[in-house]
Amino acid sequence: MDNPWWHSAVVYQIYPRSFADADGDGMGDLRGIIDHLDHIAGLGADVVWLSPVYPSPQDDNGYDISDYQDIEPVFGTLADFDELLAGVHERGMRLVMDLVVNHSSDEHQWFVESRSSKDSPKRDWYWWRPAREGMEPGTPGAEPTNWGSVFGGSAWEYDPASGEYFLHIFSRKQPDLNWENPEVRDAVYAMMNWWLDRGVDGFRMDVIDHISKDTTLPDGVVRPGAPYGEGGPHYLNGPRNHEFLQEMHRRVFAGRDALLTVGEMPGVTVDEAVLYTDPARKEVDMVFNFDHVWADRGADPWLLYPLRLTRLKAIFARWQAGLAETGWNSLYWNNHDQPRVVSRYGDDSPQWRERSAKMLGAVLHLHRGTPYVYQGEELGMTNYPFGSIADFRDIEALGHYAQAVDHEGRQPADVLTVLRARSRDNARTPMQWDDSPQAGFTTGTPWLAVNPNYKDINAVAAVADQESVYHFYRRLIALRHEEPAVVYGDFTMLLPQDERLYAYTRRFEGVELLVIGNFTGEPVRADIDEAGAWSAAELLLTNAPASADLVLEPWQVVIYRRGVTR
Ligand code: TEU
């Protein structure tokens with residue numbers, strides 16, 4: 001089979017609210033994106049993924065969609081969208097839309113109708129259930145199951161008008177669609193075809209491993225001290241998930257060329273990912289798994305642990321091996337849900353910020369898979385110095401704070417410490433374009449504060465400096481385009497027990513690459529067999545002066561290339 005184009009592609013993710021505001025209302029928009037397409041093309045990215053731009057009450061910043069076939073007025077119009085799409089295509093790139101169909105907004109017409117009466121033809125488009133047997137509807141504990149929602153509180157919302165509850169795994173303004181109902185699936189596929197006919201090149205599918213639920217809806221296990229039971233085992237990777245994706249493939253993707261489909265799948269295992277991405281099964285091209293961004297937390301997402309490099313490496317090694325023969329993975333450190341990687345797994349102090357950002361980029365991008373760059377990552381943007389809860393906007397952060405402080409009696413200062421490190425708002429502060437007020441993001445008041453470090457960290461400064469993180473990422477992307485071993489090389493993890501160095505090789509058709517990243521602020525010698533041979537090899541890329549004997553400077557990364565007999 002021919003190798004698909006996306007094997008050697010790099011995707012750039014835009015979070016439209018925070019990218020560029022062309023009309024001064026403090027919120028990013030499509031016109032702002034159009035104005036900055038050259039920044040992305042200049043980096044060498046092949047694909048632009050747009051987080052949701054559809055009409056939405058913005059309860060979860062657009063991941064609550066009230067009309068799947070239009071553009072949110074704050075962002076622009078369908079005409080602006082067509083212009084953006086043309087601008088992306090003119091630059092030789094492709095555009096991937098966010099597809100959020102596990103749930104809609106409660107303000108979507110489908111849900112409005114569904115809620116209107118128990119007899120509505122759309123009643124069964126969502127998960128409506130009566131109160132727990134023997135309980136008075138609307139009273140505490142009467143919810144149909146004990147599941148908690150991801151954003152805090154019960155996963156069930158009581159609707160006094162009909163006396164029933166509807167399911168929402170996320171916020172109460174994000175009711176789950178009932179994929180068991182074929183009319184729902186027909187409507188979703190029709191909408192997807194409409195976008196593809198308009199010219200878009202694929203979809204990033206939000207929580208697409210949540211669409212098939214255990215229809216018996218059993219209670220979940222309650223962890224000690226937890227207010228709710230865990231619904232996840234009953235709605236993640238459910239019995240019909242593969243069937244639904246195969247049907248989607250037949251009804252939407254089959255016969256269309258050059259698409260990219262990526263399934264966001266919190267909790268997906270390697271074995272399941274092989275099934276989801278085996279080309280012969282015709283489901284999706286690649287998945288987003290979460291194991292490596294959950295490497296510094298426990299079962300409770302709000303407990304912080306220092307990163308253990310051996311754990312991170314074990315996770316990557318498992319995924320690289322598991323998908324070596326069949327299937328494909330995506331590679332990411334950052335997106336709109338993750339804190340900034342340089343602040344998280346690197347060192348964002350002025351001394352090491354740029355160097356550690358480059359090291360992290362290189363270590364990620366040289367794996368096998370399709371790399372994703374999240375807006376600002378190419379500048380080495382950092383977490384935000386949040387002062388108080390009033391600085392946050394994200395429904396997840398606010399929900400967690402309320403639950404932890406008001407219901408679980410935790411100390412506000414402790415909860416803030418966790419949010420500072422973990423909140424999704426770290427990723428959502430405005431893109432830093434230049435050193436003018438508001439970092440050139442807006443002429444108005446930004447919806448979320450600009451990071452005060454924008455005078456030093458901004459796109460104009462980075463593009464002007466050949467040694468910047470931006471140009472390093474540009475070289476990494478070029479390397480993937482030029483060097484087949486980056487795309488197809490067999491992966492071997494070295495030094496798996498080392499807590500300081502991340503080292504591996506890639507080998508393909510007579511070429512071997514060696515990557516070593518130093519995850520510490522101290523010099524570290526890489527004790528790798530044949531070190532002499534490697535340091536004599538061609539040094540493709542590094543972020544600090546290279547030594548002759550594989551002693552890595554603080555946060556240094558080296559990428560060597562040599563010929564080998566096959
Ligand atoms: O995220 C799914 C998801 O797993 C997140 O809720 C994750 O658990 C959380 O962000 C960890 O901090 C997707 C979108 O990427 C996210 O922005 C949405 O809020 C969510 O789905 C609901 O649509």
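## Helix packing and a ligand site

Helix α12 crosses helix α13 in a right-handed manner; a crossing is called right-handed if the near helix is turned clockwise from the far one by less than a right angle, and left-handed if anticlockwise. Helices here are DSSP runs of H or I with at least four residues, numbered from the N terminus. The model is a predicted one, in which local features need pLDDT of at least 70 and side-chain atom pairs count only at pLDDT 80 or more, while totals for chains, interfaces and linings use all residues. Residues are numbered from 1 along each chain as its sequence is written, and side-chain values use heavy atoms, with hydrogens and water left out.

Let us stay with that first pair. Two packed helices are described by the angle between their axes and the distance between the axes. For α12 (residues 395–407) and α13 (residues 412–422), the angle is about 150 degrees and the axes are 10 Å apart. Axes are lines fitted to C-alpha atoms over the stretch in contact, and angles run from 0 to 180 degrees between N-to-C directions. The angle therefore makes α12 roughly antiparallel to α13; that label applies over 145 degrees, roughly parallel under 35, roughly perpendicular from 65 to 115, and oblique to the rest. On the α12 side, Ala 397, His 400, Tyr 401, Ala 404 and Val 405 make the contact, and on the α13 side Pro 412, Val 415, Leu 416 and Leu 419 do, where contact means heavy atoms within 4.5 Å. By class, eight of these residues are nonpolar, one is polar and none is charged; Ala, Val, Leu, Ile, Met, Phe, Trp, Tyr, Cys and Pro count as nonpolar, Asp, Glu, Lys and Arg as charged, and the others, Gly among them, as polar.

Next come α11 (residues 353–365) and α16 (residues 469–482), whose axes are 10 Å apart at an angle of about 15 degrees. This makes α11 roughly parallel to α16. Their crossing is right-handed. Their contact has seven nonpolar, two polar and three charged residues.

Helices α3 (residues 78–90) and α5 (residues 182–198) have axes that come within 11 Å and cross at roughly 55 degrees, and are therefore oblique to each other. Here Leu 78, Phe 81, Asp 82 and Leu 85 of α3 meet Trp 194, Trp 195 and Arg 198 of α5.

Finally, turn to the ligand. Of the 17 residues around the ligand (a heavy atom within 4 Å), Asp 60, Asp 206, His 336, Asp 337 and Glu 396 come nearest. A polar side-chain atom of Asp 206 lies 2.7 Å from a ligand oxygen atom.

Methods:
Helices (H or I, at least four residues) and strands (E, at least two) are DSSP runs, numbered from the N terminus. A polar contact is a pair of N or O atoms within 3.5 Å; within protein, one must be able to donate a hydrogen and the other to accept it, and residues adjacent in sequence count only if both atoms are side-chain atoms.
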